[in-house]
Amino acid sequence: MSIDTYSVTDHHIAQLPQVTEPRNAGMPLDLNWVLGAQANTSAIERRAASLPARRSVKKAYQAAWLLKAVTCIDLTTLSGDDTARRVGRLCAKARQPVAESVLDTLGMPAITVGAVCVYHEMIAPALEALQGSGIPVAAVSTGFPAGLSPLPLRIAEIEQSVAAGAAEIDIVISRRHVLEGNWQALYDEMRAFRVACGDAHVKAILATGELGSLRNVARASIVCMMAGADFIKTSTGKESVNATLPVTLVMIRAIRDYYDRTGFRVGYKPAGGISKAKDAITYLALMKEELGDRWLQPDLFRFGASSLLNDIERQLEHHVTGNYSATYRHPTS
Ligand SMILES: O=C[C@H](O)COP(=O)(O)O
């Protein structure tokens with residue numbers, strides 16, 4: 001199946017959606033629902049394997065999809081040697097991720113990335129560098145990436161990050177709760193994190209590469225949503241296996257199930273190892289197909305990525321410098 005006919009309108013490109021989404025309030029832990037969650041691994045893997053080949057976007061539509069992807073990036077630096085200077089450069093890129101000349105040629109308005117994602121210590125320089133841009137700062141907290149520091153410290157870290165001005169907090173769950181099937185413990189932990197976040201939105205990093213099975217991924221996704229996660233996110237980027245298409249299918253179907261049963265839309269953030277423009281399009285197409293256009297807005301979809309933007313920039317350059325530029329039409333025209 002091709003997605004040539006998918007329209008990527010100005011509305012989709014718009015940086016900030018005008019819709020007001022009721023925040024996921026969560027619900028009591030429903031163990032019947034959690035334990036009933038299954039994942040047919042071979043069917044999911046078969047479908048995931050066919051996705052990249054089945055998804056193609058005509059050249060005339062690609063630039064719009066790529067710009068859409070840019071608006072959904074949590075531009076990230078999560079390195080032990082991060083400095084205020086490096087974060088400053090990242091933020092300058094976040095403000096203007098695509099060269100003005102490229103946007104002009106494509107007839108597109110100025111865009112920014114979805115957010116900048118850093119460690120707690122880098123919140124202040126990020127805020128300073130992003131002043132006036134409207135781009136939120138996301139902080140990884142709770143002992144990222146392993147999440148094995150004492151619970152009170154992890155909660156205090158969230159509180160400090162929120163006090164420092166982070167509008168979004170990416171927490172890591174305790175993988176052992178999933179591996180031991182201790183859903184109550186996972187729920188209680190996630191609930192405590194959500195409370196500590198206050199008004200800041202919370203993304204629950206499942207570290208799916210360490211959860212042992214797709215069924216565990218499905219169950220952990222549901223428990224975190226029940227406990228009030230605003231987003232569920234695949235990975236820290238530090239596991240040996242990070243974002244994958246099978247895991248994505250499982251997580252976004254859990255999101256759909258949760259929406260059908262509760263009416264709350266929870267966001268999805270694939271993260272780790274997504275560095276190619278064509279992969280970004282595959283993810284966007286999958287979101288559109290499984291969850292619909294609403295989940296293509298940056299308040300419900302983000303890529304956690306440190307190098308994806310570089311490849312998207314390269315591809316956009318091809319669009320404006322190659323033969324292609326002469327034939328470019330906006331998808332809505
Ligand atoms: O959430 C962010 C991830 O750490 C990014 O991973 P990456 O450096 O592989 O793009």
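Predicted model: local features only at pLDDT ≥ 70, side-chain atom pairs only at ≥ 80, totals over all residues.
Contact here means heavy atoms within 4.5 Å. Skipping its neighbours within four places in sequence, Cys224 is in contact with Ile173, Leu186, Met190, Ala204, Leu206, Ala229 and Ile232.

Cys224 also belongs to the largest nonpolar core, which has 104 residues. The members that touch the most other members are Cys224 along with Ile171, Met226, Ile232, Phe303, Ile312 and Leu316. Another core, of 7 residues, lies apart from that one, and Cys117, Val140, Phe144 and Ile205 are among its residues. As background, nonpolar side chains tend to be buried together in soluble globular proteins.

## Around the ligand

Now for the ligand. The residues around it are Thr76, Leu78, Lys233, Thr236, Gly237, Ala271, Gly272, Gly273, Gly304, Ala305 and Ser306. Sorted by type, that shell has 3 nonpolar, 7 polar and 1 charged.

On the backbone side, an N or O atom of Thr236 sits 2.6 Å from a ligand oxygen, and a polar atom of Gly273 is 2.8 Å from a ligand oxygen. Ser306 uses its side chain instead, with an N or O atom 2.5 Å from an oxygen of the ligand. On its own, the ligand has 310 Å² of accessible area, and the protein covers 85% of that.

## A look at His177

His177 lies in helix H9, which spans residues 175–179. His177 counts as buried because its relative accessibility is 11%, and the cut-off for buried is under 20%. Neighbours within four places aside, His177 is in contact with Asn182, Ala185, Leu186 and Glu189. Leu186 turns up in the contacts of Cys224 too.

Technical notes: Residues numbered from 1 in each chain as written. Heavy atoms only, no water. Near = heavy atom within 4 Å. Polar contact = N/O pair within 3.5 Å; in protein donor to acceptor, adjacent residues only side chain to side chain. Areas by Shrake-Rupley, 256 points an atom, 1.4 Å probe, with all protein chains shown as cover. Nonpolar A, V, L, I, M, F, W, Y, C, P; charged D, E, K, R; others polar. Core = buried A, V, L, I, M, F, W, Y, C linked by side-chain atoms within 4.5 Å. Buried < 20%, exposed > 50% of the residue type's maximum accessible area, 1.4 Å probe, protein only. Helix = DSSP H or I, 4+ residues; strand = E, 2+ residues; numbered from the N terminus.
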